[in-house]
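The sequence and coordinates come next.

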Amino acid sequence: MRIKALLVDDEANILKNLQKVIPWESMEIDVVGTARNGEQALDIARRERPEIILCDIRMPVMDGIKFLEALREFDTEAEVIMMTGYQDFSYVRSVVRYEVKDYMLKPIDYEELTHTVERLANGVRERSEEQQSMQREWHRVFHLAYEKVLYDLLVDLGGAASRSLLQLHDAEVGGLSFAMMLVD
């Protein structure tokens, strides 16, 4: 499964280094955008829905903290790594409430950053697989329940309750198919 990443920093050199030094392709990660401030990053995040975001804290127009606050209003799942050249603990404290996964100081140790990105990407893939597995399981349960309701209707065991269950999920039954055999 390929993952989307967004890179946000007001320094063009850092954006270039992030794109070139980290082995995105070998980690099966697509960099879907780069932004020089939080406003640009929000536009890209709304459009692309990246799973991993590397973001500077201090930027013009909209800083990383305001960006993160706005991001969490519509995306609570993105894994965010904050980057800063400032060792002030108040920055760390201010981003913790937005569920930042890591905090890196500049100058960036690109090897450490690569390991962190890889770890987060693996976590995203595991969660995605779990969600897909749960959806498949739910689909099987729904299919069995729907089959039971149809059976009850055929043998007239369910009455009005079974009919209301059928109507309740009419929109979700498009992928279901049943065969009926009548034996006399």
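Which backbone nitrogen lies 2.9 Å from a polar atom of the side chain of Asp75? The backbone nitrogen is that of Glu77. A polar contact is a pair of N or O atoms within 3.5 Å; within protein, one must be able to donate a hydrogen and the other to accept it, and residues adjacent in sequence count only if both atoms are side-chain atoms.

The model is predicted: local features need pLDDT of at least 70, side-chain atom pairs count only at pLDDT 80 or more, and totals for chains, interfaces and linings use all residues. Residues are numbered from 1 along each chain as its sequence is written, and side-chain values use heavy atoms, with hydrogens and water left out.

**Overall layout**

The chain has six helices and five strands, in the order β-α-β-α-β-α-β-α-β-α-α from the N terminus. Helices (H or I, at least four residues) and strands (E, at least two) are DSSP runs, numbered from the N terminus. Of the 184 residues, 39% are buried; buried means under 20% relative accessible area, exposed over 50%, and partly exposed in between (1.4 Å probe, protein chains only). The accessible surface is about 11400 Å², and carbon and sulfur atoms account for 51% of this area. Areas come from the Shrake-Rupley method with a 1.4 Å probe; for residues, only the protein chains shown count as cover. Among contacts (heavy atoms within 4.5 Å) between residues at least 6 apart in sequence, 66% join residues at least 24 apart.

**Asp75**

Asp75 sits in the loop between helix H3 (64-74) and strand E4 (79-84). Asp75 is buried but has no salt bridge, and the nearest side chain of opposite charge, Arg49, is 4.5 Å away. Lys and Arg count as positive and Asp and Glu as negative, while His and the chain ends are not counted. Beyond its neighbours within four places in sequence, Asp75 is in contact with Arg49 and Pro50.

**Salt bridges**

The structure holds 10 salt bridges, each defined as a side-chain nitrogen of Lys or Arg within 4 Å of a carboxyl oxygen of Asp or Glu. The table gives examples.

| Pair | N to O distance |
|---|---|
| Glu11 and Lys106 | 3.7 Å |
| Arg47 and Glu48 | 3.8 Å |
| Glu137 and Arg140 | 2.7 Å |

Glu11 is partly exposed at 39% relative accessibility, whereas Lys106 is buried at 18%. Both residues belong to a network of salt bridges that also includes Asp9 and Asp56.

Arg47 is exposed, with a relative accessible area of 56%, and Glu48 is partly exposed at 22%. Glu137 and Arg140 are separated by about one helical turn, because they are three residues apart in helix H5.

**Nonpolar cores**

A nonpolar core is a set of buried Ala, Val, Leu, Ile, Met, Phe, Trp, Tyr and Cys residues joined through side-chain atoms within 4.5 Å. The largest core has 22 residues, of which Leu18, Trp24, Ile29, Ile52, Leu54, Leu113 and Val117 touch the most other members. At least two residues of this core come from each of E1, H1, strand E3 (52-56), E4 and H5, and H5 supplies the largest share, six residues. Apart from this core lies another, of 21 residues, among them Ala41, Ile44, Ile65 and Ala78.
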